[in-house]
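Have a look at the sequence and the model, then read on.

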Amino acid sequence: MIDQPDAVLPEDADRATLLARVFDPEAGGPCVAAVRGDRLVDLTRVAPTTADLLERADAAEVARSAPAGRAWPLAEVVGNALARRFDRPHLLAPCDIQVIKACGVTYARSLLERVIEERAKGDPSRAAEVRLQVQQAIGGAIADLVPGSADAARVKRILQAEGLWSQYLEVGIGPDAEVFTKAPVLSAVGLGAEIGVPRDSTWNNPEPELVLAVTSRGEAVAATLGNDVNLRDVEGRSALLLPKAKDNNASCAVGPFLRLFDAEFGIADVRAATIALHITGTDGFVLDGHSSVERISRDPLELVGHAMGDHHQYPDGIMLFTGTEFAPTEDRDEPGMGFTHRLGDVVRISSPRLGTLVNRVAHSESAPPWTFGVRALMTNLAARGLLDDTR
């Protein structure tokens, strides 16, 4: 997948405040850890979950300099994750008890692809024909619209009159963003893990995204990378099937690290980020794509406001997928059939200042089942004496 563990680190890792979760077989559970030089240091006695640590006003300072417990060689832990040596210390998704939320159709290009899915009824053989029709009819009309603006409302009236309105256009250029629950708490997979696509899906793709870590107060305090694996054939049949299209075993990948906001990296850097995607298949197929946050239709902090606030509270915070510009249309097999995953595809999602998230595609039914939930976490932390208020 990646031969050199250093390749998953941000290019400025020596100046970055990086938080991780390490599964330690000795402890039988996860440890909150920070990257310090070539080591991962254990901060679990300071904060038993990453959610606890992120709630602290001094989270970045704690990650950089708080007294630590054990330490692991960074290269070894990363290497174990990439090699899927899960009987040894390895990286997990860096989030834990935060709710995993996601925003959809936040870019004009991906918005058009959702409309295409809808009109093709999830049938990839019709996608090319429908794509041409949709782009000719509405592509130029929405490219530069500000969602919820008077101009967007005017375009909506025109498209409605022409019979071209769509539920995806409603959330793409209307006043309300699409926000949904991507995956259950603790179900996200991390670096090196298999990502799952159900066996019966015939049209699906990765969605490389920037992910914000948001506190219970609604403050974005860190960023990472994510793969919002999507079943286009399922969602295209009906938007009411979104949970089935989005939430399957191993269908949410996050990582490799949380980069905490500090003097070196903050929301301005998030807004300027580019997310790159590289897929290599066992059949020799190669696909490259990218998503530029500068072209997002709603500011990342605006998306946070749609997800939480007076209308909805999250006492443990959230991880918020902010959407993707990437929508693969290249044919992989037959002409006009577009792209879909095959077993064994290696998916690399990277951004220079966030690192690289690497996963391999498997069937959801055969990927390792999700077994470590909230009860298991609390039981494990209690047995380790980590829930004692006197710690």
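Let's begin with a term: a salt bridge here is a side-chain nitrogen of Lys or Arg within 4 Å of a carboxyl oxygen of Asp or Glu. Keep in mind that this is a predicted model, where local features need pLDDT of at least 70, side-chain atom pairs count only at pLDDT 80 or more, and totals for chains, interfaces and linings use all residues. Residues are numbered from 1 along each chain as its sequence is written, and side-chain values use heavy atoms, with hydrogens and water left out.

**Salt bridges**

By that rule, the model holds 23 salt bridges. Some of them join up: Asp12, Arg15, Arg259, Glu264, Asp269 and Arg353 are linked in one network. As a general point, side chains of opposite charge can pair when their charged atoms come close.

| Asp12 | Arg15 | 3.9 Å |

What does the bridge between Asp12 and Arg259 tie together? Asp12 sits in the segment before strand 1 (18–24) and Arg259 in strand 13 (residues 252–260), so the pair links parts that are 247 residues apart in sequence. (Helices are DSSP runs of H or I with at least four residues, strands are runs of E with at least two, and both are numbered from the N terminus.)

Asp12 is buried at 3%, and Arg259 is buried at 0%. Arg15, on the other hand, is partly exposed at 44%, and Arg64 is partly exposed at 41%.

**The whole chain**

Stepping back, the chain has 12 helices and 18 strands. Its radius of gyration is 21 Å, close to the 21 Å that the globule rule gives for 391 residues, so the chain is as compact as a globular protein of that length. That radius is taken over C-alpha atoms, and the rule is 2.2 Å times the number of residues to the power 0.38. Along the principal axes, the C-alpha atoms fill a box of roughly 65 × 45 × 35 Å.

Of the 391 residues, 57% count as buried. Contact means heavy atoms within 4.5 Å; among contacts between residues at least 6 apart in sequence, 74% join residues at least 24 apart.

**Two aspartates in loops**

Asp176 lies in the loop between helix 7 (167–173) and strand 7 (178–183), and is exposed at 53%. Setting aside neighbours within four places in sequence, Asp176 is in contact with Glu170, Val171, Arg298 and His306. Asp176 and Leu303 are 127 residues apart in sequence, yet 9.6 Å apart in space, C-alpha to C-alpha.

Asp96 is in the loop between strand 5 (90–91) and strand 6 (99–104), and counts as buried at 3%. Outside four places in sequence, Asp96 is in contact with Arg21, Thr49, Thr50, Ala51, Val185 and Leu186. Asp96 and Arg157 are 61 residues apart in sequence and 43 Å apart in space, C-alpha to C-alpha.

Among the buried ones are Leu74, Val77 and Val78.

Most residues other than glycine have a negative phi, and most peptide bonds are trans. Helix 3 is followed by Arg84, whose phi is positive, near 55 degrees. Arg84 is in the loop between helix 3 and strand 5, and is partly exposed at 30%.

Ala250 also has a positive phi, about 65 degrees, although it is not a glycine. Ala250 lies in the loop between helix 9 (242–246) and strand 13, and is buried at 7%.

Finally, a cis peptide bond joins Gly255 and Pro256, with omega about 5 degrees. Pro256 lies in strand 13.

Conventions: Buried means under 20% relative accessible area, exposed over 50%, partly exposed in between (1.4 Å probe, protein chains only).
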